[in-house]
Structures are given as structure tokens and as C-alpha cells.
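Hi everyone, thanks for coming.

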Number of protein chains: 2
Amino acid sequence: MSHHYTTRLHEAAEAKQTPVLVGLDPRLDQLPPDVLAHARELYDDPAAQAAAAFEEFCIRLIDVVAPLVPAVKPQSAFFEELGPDGCLALCRVIRYARKQGLIVICDAKRGDIGTTAEAYARAYLAGVDPLAAPWGADALTVNPYLGRDTLEPFVKVAKERGAGIYVLVKTSNPGSASLQDQQANGMPIYQHVARMVEELALETLEEGYGCIGAVVGATYPRELAELRAVMPHVPLLIPGYGSQGGAALDVVGAFHPNGYGAIVNNSRGINFAYKSKEFAEQFGPKRWEAAAEAATKQMIADLAKQTPAGKLLYTSF
Amino acid sequence: MSHHYTTRLHEAAEAKQTPVLVGLDPRLDQLPPDVLAHARELYDDPAAQAAAAFEEFCIRLIDVVAPLVPAVKPQSAFFEELGPDGCLALCRVIRYARKQGLIVICDAKRGDIGTTAEAYARAYLAGVDPLAAPWGADALTVNPYLGRDTLEPFVKVAKERGAGIYVLVKTSNPGSASLQDQQANGMPIYQHVARMVEELALETLEEGYGCIGAVVGATYPRELAELRAVMPHVPLLIPGYGSQGGAALDVVGAFHPNGYGAIVNNSRGINFAYKSKEFAEQFGPKRWEAAAEAATKQMIADLAKQTPAGKLLYTSF
């Protein structure tokens, strides 16, 4: 097994024959009734109840998706909202996912200066050995606003440990333009960040990719294709698919002709498929895991059919 | 007592007669020997040892500075580096500082989109009632890269709870220029962010200030004065004083003529004063608390003497 993050990710994507990334976004008001009831049986304290529910929900969801997809992306904010109990649940969920052979990208959007950035890197980026960092993740999302020198500590730790980072370049939210699209020296800010990320990726190459990735929203398909060209050596993480409006056709431009280069995330559309228009009637709250499985399989099929990349990846063996 | 964050902060600064903010930056390799020895007596597990040492160090430092300054700023990264044990220590440190009457700004530089941003806001921003959020802070540092719409959930929660946020505008690190100084539409990106922050502050005014603040580094004195003018209603948080190179004269421009408008942070220079050129000989590792006290008093005096703002604040009663 390679030590390099992106090589490991691609091996996992080949093994599962899909670039689908499942977000783990537990939200208390959306969790299935059986998970909530079980947590209430275990604890009286509301924070302990919520943390237990998050942990059970994510672990059962991991059991559903581990045979189907290469990677999962827990959203740290929802766990942090529960305080220290939630942080412990996040830690356990990451370790469980790794133990099931999944690549884990911790979506915590960290960023700070100098040795503080290095502390974040050492906290989250375990890389090859899940025990190398307390949070045990393979990769971490990182915010570039503080500047290029603040990305370097993350790059250093990622290289050492066989971990990856995904730098926010063009985010999926409607207001991402307010800062990221500001034109500076003839190109938008997100293009400046993209060039920075490509340079850092070039310092960490293996099999054509750096271990420094970029986040680019599925909700901006034109920018996605443009950024794929600007960052040929950068693995992309594409959020915004599904409930945020991105569809299979929108992410075509993220892939290289050989089917590599991007993973496409879906969180709510899979986590809470049992509540969705498409799957609610067929499955309902008691069969929420079957609904999540159906939604995952549908996304895999949609990407495989509707994007050339998906097709290529599917037939790469 | 006012419900408004900045009014509360100014009341605290008046009571202590200084705008000094003490950062809580525990670093394992710099902690005093007695703190480390005590933690080793308590636990065998290295993470539990480190978390216990962080907690004891911060609590003893809080005991030193609580009579002297209005506010403290724990750096979340160092606690997160210890995993869930560290998160629990951070939680306890924040609660202890609040109980000693200090304003607590959690320096975690969070940022995400929509309901995820709201989860971060609800996690950290307790505001007036320390029990209103699991992390119990008065204020939180926030990263603006994702765009203006992603600041709004923080603003909403801050208003509701009497909490504050400090948006990164111009950070103190040498490489902050690489993104923040990019010229767009005739002004640098940090100016665009500053205008965004001033607008948000205007929506949350009380006694001339919004509860939406900005982080501007002491290492950029020219920009500091310029940004004070662009954001007249925005409370500033000034990092970079002391070990990063900023001095009392550099922060003059951050204050309004009446002595309000900014708090100036010092972390390492106070936390580890016992190791510094200035205080090591006089105090040494056993008297680290006395060294921290002396360093705090010296910074208070320097700001009071060397900046007109300090003098004015000192004589405002």
C-alpha cells in the first residue's frame, strides 16, 4: 500500500468503483426515531443522549456505506455543537470508519498561523496510521484566508504522515462570490488560491497527484471545469451534490479523462434519504438504513451513467 | 449589566483600566516543570497527562491575570491537539475563566456554510449566560473566506445571546499578504472584508459599537490605523503584540480617541514570561506565575504610557 494520501484514495475508489464520498452530518432534529429512542434509554443527560445518538447513527450509516464507497466525510461542527461529549463521539466515529477500511476526511475547515496551524495538522492528520493523531483522520479541510505560509505546516504534516488536505477554493454556498469571486489582477481570488494549491500539490506528487487537494462546489459547474484545468495535479473534493442542487452532469468537469481527480460528496441526500421525496414512501423511518443504501447506490449509478468520468472509472479494471 | 457583547467588554476594560487581552496558549514543551510533574502524578496516559497539565496551567494563569485584565483568549488548536481530553480541558478552562468574571474569546477561527455555520455559532457563542452553549464563550474568532452569507448565522446567534464574533480581516502572520492584500476593485481584499464587517456591525449597534468585531494584526500598524477608519463601529482584536513583534506604539492607531475600540492580545509573552530574556533571571521556572504577573503588568503599563488610547482609558473614570 502506498503511503501517499491521494494514491490511497484512488486505490479505494478503484476498489469500490466509484468516486462517491458520503458525508456524515448528524443533526438531532433529523435522526431516525429508533436511534433517538435508544439514546434516551442509555442516558438522562441531554448532551450525552445526543452524542450517543450521533455515534450510533454514524456507525450504522458507516456499516451501510462501507461496502459501497471509498470514503466518508464527518462534519465536525455538528459534533462540536454537543461539546466535549460530541468531540468524543466524532473521535470514535472516525476510528470506526477507518477500521471498516474507509478513507476519512474530517470536514473541520481549520486554519491558523505558524505553530498553531501545525497543532491543528497534528491533531487531525493521522494519515496512514490512524493512531498517529488523536482525531485519526486521513485528510482535513483547510481554510486559506490566512495566507500561503499558513498552509505549509499542514503540507509538512500531511507529507510526513501520508495524509491529505483539501483547501477551500470555491465553496458551494450562494454567497461564496462575495469574497472568492473578487477580481484581482485579472482573475478571481479563487483562482489565486487555486494556483497556490497547484504549486503545493506539485511539491507532493505521486502518480500525477499531490496530497494537497481543493474543495470546489458542484453548484458552480463552469468554475469546476475551469479549476480542473488550473489545478491538473490537485485532487478535488466536490460538495453541493444533491440537496444543495448539484447533479451528476454538473460534476463532469471535475474529472480527468481517466476517471480520476475528484470525489463527489453527498451528505443529507444519503443520511436522511428516509425523509426525502424519493425514498420516504418506499422505506419510511424504520428502514432508514435501507433508504440510505438505496440513495447511495442511486448516486453511484447516476455518476457512472451520466458522467464520462464515472463510466471510465467503472470500466478501468 | 448590558446584554450587548461589546458593551460588556468595555465595562470590563473600564473596570480593569486596560485593553489587555491575555491569550491562553498551552504548549506542552513550554509548560513549567511543576505543572508537568503534577500531571504525571495524576495520570499514566499521555493524553490525560497533557490535558491535566493544560488545565492546571491555564487555571493558575487565570488566577494570576483575572484581577488585572478584562479578557482572556484560549487558543483552541492546542487543546484540540490532545483529542477529546483536550476538548474537555478547554471547556473547563473557559468555564473557570467566566466564573472569575473574565470575558472569554475562544480563538478557534471557525467558518462554514448555512446551518453548519449556525452549529458552530451555537457550539461556542454562549454570550451573557455561560451555560447557553457547551463551550461557554463570550465570543469566537471567525474566518470570512466562505463569504458574507456564512457570517450571518454567527451574527444571528451573537445578537440573540449577547455574544460577539471577531472576523479575520488582516492577520498578523508574514504571509497574510498572499491572499488578504490582493488588490480587487482598487482596494485589497482585507478592505472588502472590513467593509462587510462594518456593515454587519451597524446591524448590531449599542453605544457606538456592533457586536461584530475584526482581527487585525499589530504587526501591520499602517493597515491598523487605516482599518480603524474604515470600521468605526467595529471592536478590534489585535494579535501579534510581543513575541510576534508588535509593540505598544504599533497599536496606537487601533483605538478611538476616547480609548475604546480595541483589545490587544499577548499570549506567549505572558504565558511563558518565565522563559523570556526579560523575566527568566528574576523569576525562573518555579516562580512562573510571578513572571506572568510581571509581564502582564508591564504590558498594561506600556500600553497606558505609550499609547494615547491607553492613557485616555486609564483616566476615563
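Let's begin with one residue. R122(A) counts as buried because it has 21 C-beta neighbours inside 10 Å; buried is the word for 20 or more other C-beta atoms within 10 Å of a residue's own, with C-beta atoms placed from the backbone.

Before going on, a word on what you are looking at: this is a predicted model, where local features need pLDDT of at least 70 and side-chain atom pairs count only at pLDDT 80 or more, while totals for chains, interfaces and linings use all residues. Residues are numbered from 1 along each chain as its sequence is written, and chains are lettered from A and ligands numbered from 1 in the order in which they are written.

Back to R122(A), which sits in helix 6 (residues 114-124) of chain A. Helices here are DSSP runs of H or I with at least four residues, strands are runs of E with at least two, and both are numbered from the N terminus. What does R122(A) touch, leaving aside its neighbours within four places in sequence? Its contacts are A133(A), V157(A) and, in the other chain, E81(B). By contact I mean C-beta atoms, placed from the backbone, within 7 Å.

That brings us to the two chains together. The contact takes 49 residues from chain B and 49 residues from chain A. On the chain B side, helix 6 of chain B gives the largest share, six residues.

How do the copies relate? The same surface serves both copies, as 100% of the contact residues of chain B recur in chain A.

Now look inside chain B. Eight of its strands close into a barrel in the order 1-2-3-4-5-8-9-10, with parallel pairing; two strands pair if DSSP finds at least two bridges between them. For instance, two bridges join strand 2 (residues 71-74) to strand 3 (residues 103-110) of chain B, and V72(B) has V104(B) as its bridge partner in strand 3.

That's my tour, so over to you!

Technical notes:
Two residues are in contact if their C-beta atoms, placed from the backbone, lie within 7 Å. A residue is buried if 20 or more other C-beta atoms lie within 10 Å of its own, exposed if 12 or fewer, and partly exposed in between; C-beta atoms are placed from the backbone.
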